[in-house]
Number of protein chains: 2
Amino acid sequence: MKNLVIGQSGGPTAVINASLSGAVRAWKESGQAGHVLGMRNGIEGFLADQVIDLSETLSERDLTLLAHTPAAYLGSCRYKLPEDLQDAVYPAIFDNLREMNIGFFLYIGGNDSMDTVDKLSRYAAMTGSDVRFIGIPKTIDNDLVLTDHTPGFGSAAKYVAATVREITLDASVYQQKAVTIVEIMGRHAGWLTAASVLARKFEGDNPYLIYLPETPFSLEQFAADLEHAFTKSPQVVVCVSEGIADAGGTFVCEYSDAAKLDSFGHKMLTGCGEILESFVRDRFSVKARSIELNVNQRCSGMLASETDIREAAFAGAEGVKAALAGETGKMIAFHREPGEPYQITCRPQNVTEICNKEKKFPQEWISPTSNDILPAFLPYVLPLIQGEPAHTIENGLPTYLYQK
Amino acid sequence: MKNLVIGQSGGPTAVINASLSGAVRAWKESGQAGHVLGMRNGIEGFLADQVIDLSETLSERDLTLLAHTPAAYLGSCRYKLPEDLQDAVYPAIFDNLREMNIGFFLYIGGNDSMDTVDKLSRYAAMTGSDVRFIGIPKTIDNDLVLTDHTPGFGSAAKYVAATVREITLDASVYQQKAVTIVEIMGRHAGWLTAASVLARKFEGDNPYLIYLPETPFSLEQFAADLEHAFTKSPQVVVCVSEGIADAGGTFVCEYSDAAKLDSFGHKMLTGCGEILESFVRDRFSVKARSIELNVNQRCSGMLASETDIREAAFAGAEGVKAALAGETGKMIAFHREPGEPYQITCRPQNVTEICNKEKKFPQEWISPTSNDILPAFLPYVLPLIQGEPAHTIENGLPTYLYQK
């Protein structure tokens, strides 16, 4: 009669709720007598006893709507557990687990959330608790190791590809020379920016230049690349990761003096697009525009990938199954079966080998000139963006599930 | 055996190509022996003899793809004809019309494009030319007079509504106080920003505050409005037109010193969102983010309104019919029939009474507090955003028609 508690953590994605929906469905289908509880705002809310009973409140229709609702239905947090397992927060969490009669703890998130799963499962082992801790991967950055890819990436990649394709059409309507710079999320890993290569309608189409954080960025080389691009077309679209940095390790966005830190101590990056826009205008005296794709690249429900939604729900369901099977300290990981058609299977991996590591975009998929993505990336990424979600449309807009 | 020439002018929209597609189809269906020629880059390309034969090159499948392709297939321009009809450019244009055996001239565009139609039809009258000049309305701004609405607005409104709804979900995932400012296109008319009211999932939902250029903006009143909004929720989403200005007529974006002029002498507005973001951070010491919706609000094919696409094609077709019927100096205008269901009919209007005028958002649809949109706007706008376009999807992305 143990209950399951599930939480969402870190930045929103288009499919983090699909994982929640998949987990609730799998729990119901498992025939367990216990309830599914949802943490409000992740572990932070759980510590404050803020949980809601999802098995009581979510109907079958709700679960379908939830699977198509972007962002985080339960709310999220950016709360990092202390390194020291002797800290008083750990017994506080485990007291709550006992009081709520919880046997299974699922946490949907990225790197920092896997760190939470790792610490809680180690604390459980240390104290002889039998609560099972399972991580469900979620990040648009696609930077978790030991999994073929992460839920959230496919939808964000589809958004970037579709949106940049529209931007290249928009950028080409006038005859005059112009440079459009599109700034895409990705601090240290360029997966999402690389997806902008899909925007090309034909070989040799815009975006002509794509820069990832995996290779050093140089303003002078950028100017030379632009000169070359202008020989192909007067309108040049450039896609850059927010985290591009020069050979000395200085972020391009730090060329201005607005760098700030977020609550995890990460540098908050904004504005490399604007800095490059100014550079282009000064150097080439041409029309320049920068476009920050901003939060919609991580939270667009309308442009989500149906494959991604399905896989996210699968990951949630597999998390429940793994927990019920007695696994703990694991993250649900995707293994891509060799050959066609595209197929993934679930292989849980030790979360301690995942958290606080980053999977970079492979160097062999970056052009030798460091300003383009090679076709070898396409068989990897294309299956992940397939399918359009069947939204429930009311009055011309998608219906989403929400808590008031 | 006269030919028809058609051009696109001004900023891109999601449906300017639907008007082109509708015009080409109507011409073919009319049984005219002449050809449809397309100006490359509007009147500017026409002056340089850059035309292509659309009746020869566009198949039925192409015309369907074209109707779903955003931006401007023919290319666009921002070329203003001289006020003085004695200028040498006029005989140059009419020489080209004669040489290409053109009897009908269709121009798809906004305010400035209607000015072109007006001048050319007046020059024709002055010189006894029998070429017919017809304007097809197009602007996301919805600011043309004498028409119920303009093609392009419905799609942009749907994009704004759907995107802001996603932004409000994204903004609500954390518990901390935060302000998200969404900057929406619209220099002098707030129609598009007003459409952000559709993002609300229920009464009293975000976006809590909406500011249009039609009412004076005050930083102090904004601070008071925010204080009040914080009593409802820690997360506040604010939607502002790029062109909001204070009681003295100074644009908020001019509070920084980066204002520039475009080739029409309009002020190029950027950054009122960033200015308000800084203001909020300084005044309230809360997390603040500004999001500029940027060009995708005018050129999103994926989030276009099927009603808008259909009406844009209708406007193109009606333009051909009007020209063939001998009309000239007219713009195709929409009349909304009274009652339900929503239905529009075409009533051409004198272009000279349209160009260089602006239709503002009605004061009676703005709340007395000047920070919200009243429900009376909904019956007007909702029919315009209905329907999702049936894109041709290949490899997970929409297929568009383009010229290399």
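Let's start with one residue. L106(A) touches L4(A), I6(A), A23(A), I134(A), I136(A), G319(A) and A323(A), leaving aside residues up to four places away in sequence. Touching, or being in contact, means that the C-beta atoms, placed from the backbone, lie within 7 Å.

A word on the model. It is predicted: local features need pLDDT of at least 70, side-chain atom pairs count only at pLDDT 80 or more, and totals for chains, interfaces and linings use all residues. Residues are numbered from 1 along each chain as its sequence is written, while chains are lettered from A and ligands numbered from 1 in the order in which they are written.

Back to L106. The largest nonpolar core has 264 residues, and L106(A) and L106(B) touch the most other members. Such a core is a set of buried Ala, Val, Leu, Ile, Met, Phe, Trp, Tyr and Cys residues joined through C-beta atoms within 7 Å. Buried means that 20 or more other C-beta atoms lie within 10 Å of the residue's own.

Next, the sheet. In chain A, seven strands form an open sheet with mixed pairing, in the order β3-β2-β1-β4-β5-β12-β15. Strands are DSSP runs of E, at least two residues; helices are runs of H or I, at least four. Two strands pair if DSSP finds at least two bridges between them. The edge strands are β3 (51–53) and β15 (349–350) of chain A, each pairing on one side only.

Look at β1 (3–8) and β2 (36–39) of chain A. They run parallel, joined by three bridges. I6(A) has G38(A) in β2(A) as its bridge partner.

Now the other chain. How many residues does each chain give to the contact? Chain A gives 44 residues and chain B gives 44 residues. On the side of chain A that touches chain B, α7(A) gives the most, with nine residues. That side divides into 25 nonpolar, 13 polar and six charged residues. Here Ala, Val, Leu, Ile, Met, Phe, Trp, Tyr, Cys and Pro count as nonpolar, Asp, Glu, Lys and Arg as charged, and the others, Gly among them, as polar.

How are the copies related? A rotation of 180 degrees, with 0.0 Å of shift along its axis, superposes chain A on chain B (RMSD 0.0 Å). The two copies are thus related as by a two-fold rotation axis.

Methods:
Two residues are in contact if their C-beta atoms, placed from the backbone, lie within 7 Å. Copies are superposed by least squares on the C-alpha atoms of residues with pLDDT of at least 70 in both. A residue is buried if 20 or more other C-beta atoms lie within 10 Å of its own, exposed if 12 or fewer, and partly exposed in between; C-beta atoms are placed from the backbone.
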